[in-house]
Amino acid sequence: MPTEPLTLLRELVEIESPTYSAGVRRVAARMAEELATLGGDVRVLDGDHVVADLEGRGDPLLLLGHTDTVWDEGTLATMPFRTEGGLAFGPGVYDMKGCLVLMVDAIRRASHDRRALRVFLTADEEHGSRTAREAMAEAAGGAAAALVVEPPTNNGHLKTARKGLGRFHVAITGRPAHAGTNLVDGASAVEELARQILRLHELTDHERGVSVNVGVVHGGTRENVVAAYADARLDVRVSQRSDLERLERLLRGLTPTITGTSIEVDGEWTRPPLERTEESGRLFARAREIGLGLGLDLQEAASVAGLLEDPGL
C-alpha cells in the first residue's frame with residue numbers, strides 16, 4: 001500500500017539530498033519503492049535517475065520531477081521537519097519533495113481507466129540535469145504531453161513558460177609583474193576581468209527576458225603581483241530560443257581590452273527556454289477546466305519575471 005502522504009513527506013525531507021550526494025540515491029530508491037506499490041515498472045538508471053511506467057490507455061503522459069535539492073547536508077540540524085498551522089517546513093519541502101508526494105497521491109487517486117503514465121525523476125535538476133538529458137529525452141519519446149511537478153508560483157498559478165539556462169566560464173590570462181618595481185610590464189588579468197564583468201552585465205535585457213549574472217570570480221596570487229590569471233562563472237538565462245545563438249556568439253566573441261591579456265570561454269546551455277506554445281496553452285486550458293471543477297481558480301504564469309510573470313491572467 002502507498003505510504004500516507006505526510007509520512008512519506010517526512011521520510012523524504014529527512015533524507016538530505018543535495019545534488020550529487022549519497023542522499024539523492026536514497027531518495028531515488030524510496031521513490032522507486034513508492035511507485036512500485038502503485039503498479040509501476042520501475043528502473044533506477046545510472047546517475048540515480050528514476051523511470052517508472054504505469055499501464056493505462058493511449059500514449060503515456062510524462063510526469064517529470066527531481067530528487068535533489070539545493071540544501072547542504074547538515075541543514076536539518078537547524079531546519080528540522082515540522083508541521084504547524086496546516087503547513088509543513090523543512091529543507092526541500094517546497095522544491096520539490098512535497099510535489100513528489102502530491103504526484104504519488106495523484107497517481108493513487110486516479111481512476112484505473114486512465115491514460116498510461118511515465119514518470120521520470122532526474123537526480124541533478126538543480127545543476128541543470130546535466131547527466132539526465134539523454135535519458136530524459138528517451139523517456140519523452142512517444143509521450144502525449146508532459147507535466148512538470150515543480151511547485152506553482154506563490155499565488156498558486158501554473159507555469160507554462162520558463163527561461164532557458166546556460167552556465168559559462170570565462171578564463172583570462174594576463175602577464176605577471178611586480179607591482180612595485182615594474183608595474184608597467186604587467187598585464188592584469190584581474191583588471192581585464194573587471195572590465196569584462198561590466199560588459200557582461202550590460203547584456204542583461206529585462207524586456208527580452210535575458211539575464212547575465214557573474215556569480216563567482218577568482219583571480220591573482222598576491223597583492224603585490226600583477227595578476228596572471230582570473231576567471232568568472234556566469235549564469236545566463238534567456239526567454240526566447242532566438243536569443244540562444246546570439247548570446248552564445250557574444251560570449252564566445254569576448255575580446256580583451258588590455259594588451260597582453262587573452263580570454264577563453266567555455267560552458268554550455270544546460271536547458272533551452274520553455275516558450276509558451278499553442279499546445280501548452282491547450283494543456284493549461286484543460287488543467288484550468290479541471291481545477292474549476294475542484295474549486296480551484298488556476299491562472300497561467302511563468303516561472304520567472306519577464307515572460308508572463310505572475311499576472312493572474
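1. Of the 313 residues of the protein, 42% count as buried; this and everything that follows refers to a predicted model. The accessible surface comes to about 16,800 Å², and carbon and sulfur atoms hold 52% of that area, while the C-alpha trace spans about 80 × 45 × 40 Å along its principal axes.

2. As to secondary structure, the protein has seven helices and 13 strands. Among the contacts with a separation of 6 or more, 73% are between residues 24 or more positions apart.

3. Five of the strands make up an open sheet in the order 1-2-6-3-7, and the pairing within this sheet is mixed. At its edges are strand 1 (41-44) and strand 7 (145-148), each of which pairs on one side only, and from one strand to the next the twist averages 15°.

4. Within that sheet, strand 3 (residues 57-66) and strand 6 (residues 115-122) run parallel and are joined by seven bridges; Leu-61 stands opposite Leu-117, the latter being in strand 6. Lying across strand 3 and strand 6 is helix 4 (residues 133-140), which runs at about 175° to strand 6.

5. A separate point concerns the surface, where Ile-290, Leu-294 and Leu-296 form a nonpolar patch that has about 300 Å² of accessible area together. Ile-290 belongs to helix 7 (residues 278-293), and this residue counts as partly exposed because its relative accessible area of 42% falls between the 20% under which a residue is buried and the 50% over which a residue is exposed.

Definitions and conventions
Residues are numbered from 1 along each chain as its sequence is written. This is a predicted model: local features need pLDDT of at least 70, side-chain atom pairs count only at pLDDT 80 or more; totals for chains, interfaces and linings use all residues. Side-chain values use heavy atoms; hydrogens and water are left out. Patches are made of residues with over 30% relative accessible area and no salt bridge: like charges are joined within 9 Å, nonpolar side chains (Val, Leu, Ile, Met, Phe, Trp, Tyr) within 5 Å. Accessible areas come from the Shrake-Rupley method with a 1.4 Å probe; for residues, only the protein chains shown count as cover. A salt bridge is a side-chain nitrogen of Lys or Arg within 4 Å of a carboxyl oxygen of Asp or Glu. Helices (H or I, at least four residues) and strands (E, at least two) are DSSP runs, numbered from the N terminus. Buried means under 20% relative accessible area, exposed over 50%, partly exposed in between (1.4 Å probe, protein chains only). Two strands pair if DSSP finds at least two bridges between them. Axes are lines fitted to C-alpha atoms, for helices over the stretch in contact, and angles run from 0 to 180 degrees between N-to-C directions. Contact means heavy atoms within 4.5 Å.
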